[in-house]
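Good morning, colleagues. Please take a moment to look at the sequence and the structure on the screen.

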Amino acid sequence: MKDLKYLAAFSIPIIAVLGLSFLSYWVWATPVFAFVCIPILELIFPVDTTNLQSEEVDSRLKRKIFDWLLYLNLPIVYGIIIYALILVTRQPLETYEFVGLIFSVGIVLGVNGINVGHELGHRQQTNERFLGKALLLPSFYMHFYIEHNFGHHLHAATPEDPATAKYNQSVYSFWLTSTIRQYFNAWHIQKKLLKNNKLSFFSFKNDMLWYTIFQLLYLVLITTLLGTTALLFAVCAGIVGFILLETVNYIEHYGLLRLKTKSGRYERVKEIHSWNSNHVIGRIVLYELTRHSDHHFKSSKKYQILDCHDDSPQMPFGYPTSMVLAMVPPLWFKIMNKRVPREMVLN
């Protein structure tokens with residue numbers, strides 16, 4: 001039964017479907033659930049710092065249920081976005097309903113789309129990486145695969161990494177700097193990969209070019225089949241999805257910096273360079289993303305076997321609660337700044 005706890009990750013899309021089905025004020029049920037109910041539950045449920053024993057790790061790695069729980073997100077995410085696009089085109093909606101549905105679907109795209117796409121993007125099998133990239137498409141963030149895997153994991157917790165929030169930087173400033181810098185970084189990485197392999201810009205292996213084509217075709221298809229209202233909805237929901245991701249990026253490494261060695265190079269990424277959270281509700285809903293320190297320590301580890309490290313900096317709350325706190329910068333700074341190691345602040 002413990003294996004099935006991750007079924008709770010589907011609670012957000014289920015509530016989103018309820019909003020799509022009943023409309024009226026139900027359209028706001030998903031944001032309320034994600035950012036009011038879940039934070040409350042995180043405060044109620046205990047923190048769990050236990051790690052798996054070696055035999056348990058081996059057992060979990062052999063069970064395909066953990067992989068299928070990820071794969072199932074693909075039809076769910078695309079089913080919800082298609083349902084929503086048809087609905088907003090054919091159903092007369094009040095403005096508050098239209099906006100509420102944008103946020104509801106956007107949250108699904110961020111949590112069950114980008115977050116799962118991130119996990120699958122670290123897998124070794126091509127078909128799993130393909131599924132991961134497909135989950136990034138509705139949020140127009142396919143470039144995240146390149147920048148995250150070849151950029152962020154190399155430069156995390158350094159000024160060179162756009163996805164590492166600076167000390168005293170607000171989440172609103174971070175949305176702008178991270179979104180823009182990550183996109184251009186992805187192109188820079190792609191061009192470098194092509195150059196190293198002596199390939200031209202128009203090579204079949206220019207993934208960034210393919211990502212651009214696929215995402216444009218996605219929008220053209222929506223506009224052609226359903227019209228401009230559906231296009232507006234798709235664009236806005238996608239923006240909500242990647243803003244949600246960037247909010248998670250913000251809290252994952254906020255203020256943490258790797259120190260430079262005597263040679264002038266940055267020290268290697270350690271468990272102390274990512275914020276960890278052991279709040280069980282956030283862990284389950286986000287497929288253990290909150291054990292981010294171990295993810296950076298060994299990015300190939302699957303979500304179901306991630307560990308808690310005693311020397312990792314600990315968040316006082318779970319990731320969903322922390323995302324809400326980040327929306328109020330003075331409160332965020334008051335809570336988090338004193339937790340950032342002094343040597344990192346002064347570096």
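I shall go from the overall fold to one helix pair and then to one residue.

This is a predicted model, in which local features need pLDDT of at least 70, side-chain atom pairs count only at pLDDT 80 or more, and totals for chains, interfaces and linings use all residues. Residues are numbered from 1 along each chain as its sequence is written, and side-chain values use heavy atoms, with hydrogens and water left out.

The protein has 16 helices and zero strands; these are DSSP runs, H or I of at least four residues for helices and E of at least two for strands, numbered from the N terminus. Its radius of gyration is 20 Å, close to the 20 Å from the globule rule for 347 residues, so the protein is as compact as a globular protein of that length. That radius is taken over C-alpha atoms, and the rule is 2.2 Å times the number of residues to the power 0.38. The C-alpha trace spans about 65 × 55 × 45 Å along the principal axes.

Next, the helix pair. Helix H10 (residues 207–226) packs against helix H11 (residues 228–253) at about 145°, the axes being 7 Å apart. Axes are lines fitted to C-alpha atoms over the stretch in contact, and angles run from 0 to 180 degrees between N-to-C directions.

Finally, where is Thr-290 found? Thr-290 lies in the loop between helix H12 (280–285) and helix H13 (292–297). Thr-290 is buried (under 20% relative accessible area, with a 1.4 Å probe and protein chains only), at a relative accessible area of 0%. Beyond its neighbours within four places in sequence, Thr-290 has contacts (heavy atoms within 4.5 Å) including Trp-275, Arg-283 and Tyr-319.

Definitions and conventions:
Buried < 20%, exposed > 50% of the residue type's maximum accessible area, 1.4 Å probe, protein only.
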